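I opened my notebook next to the model today and looked up a few residues. Here is what I wrote down.

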Amino acid sequence: MDLNRMISKAGSAIVTATVFLFAIFLIIDFSMGGYFVCLILPIGFIMMTAGLHIECEGDRKVAGNIGLILAAVYGTFIMLVYFSQLTTVNNEQLNEQAAKLLEFDKFGLIFNYDLLGYGVMALSTFFTGLSMKPKNKKDKWLKALLMIHGVFYFSCTFMPITGVFAKMSTGGDGIGGRLALVIWCVYFLPIGILSFLHFNSGKVD
């Protein structure tokens, strides 16, 4: 197996495993486990997206380039968000104002950055899907799931602007939010699986 295929398959496997584990940690309400796998997910996503990017034909290079660049932007935001939860928030005594900004479950600045990151991820999947020319049924499903996932950009980007999440910080046990994330995991898991099957079929130049 050439290195391009191996890295692309490994990225797809990482995406599949981390999204599955994230769903499990959401269900059992183990936030630190969820933070850890979300720190790893962007690495796999970038590897997977790079594999799809390299396959782009000439007339789809712009879409593929945009998808890969946005994947890197997503990775930067999300790794900063979850590294801060696992280090600064977990290990230090924060005053009230710092906690409001940095603790993820306070729905403050760091939570908004997380949503922005996943909004950028949605744009990345849209352009990556747009760059694909599927040659079989599995690839058609992968392309469709990637592009439809792009609609999450709007909710992830514009809902925080309305202040709806800031209002949630005043009360509630977060069950609704965890359920929404589990549903996202159920949607995104097939993307990781189909990408792995795609690369396993001998794609990637």
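In which helix is Lys9 found? I found Lys9 in helix α1, residues 3-28. Helices here are DSSP runs of H or I with at least four residues, numbered from the N terminus.

A note on the source: this is a predicted model, where local features need pLDDT of at least 70, side-chain atom pairs count only at pLDDT 80 or more, and totals for chains, interfaces and linings use all residues. Residues are numbered from 1 along each chain as its sequence is written, and side-chain values use heavy atoms, with hydrogens and water left out.

**Lys9.** I looked up its cover next: Lys9 is buried, at 12% relative accessible area. Buried means under 20%, exposed over 50%, and partly exposed in between, with a 1.4 Å probe and protein chains only. I also checked Lys9 against His198: they are 189 residues apart along the chain, and their C-alpha atoms are separated by 8.5 Å.

**Phe20.** I stayed in helix α1 for Phe20. This residue is partly exposed, with a relative accessible area of 45%.

**Ser84.** I moved on to helix α3, where Ser84 is found. Ser84 counts as buried because its relative accessibility is 15%. Leaving aside neighbours within four places in sequence, I see Ser84 in contact (heavy atoms within 4.5 Å) with Val89 and Ile110.

**Ile66.** My last stop was Ile66, also in helix α3, residues 61-91. Ile66 is partly exposed, at 31% relative accessible area.

How values were computed: Helix = DSSP H or I, 4+ residues; strand = E, 2+ residues; numbered from the N terminus.
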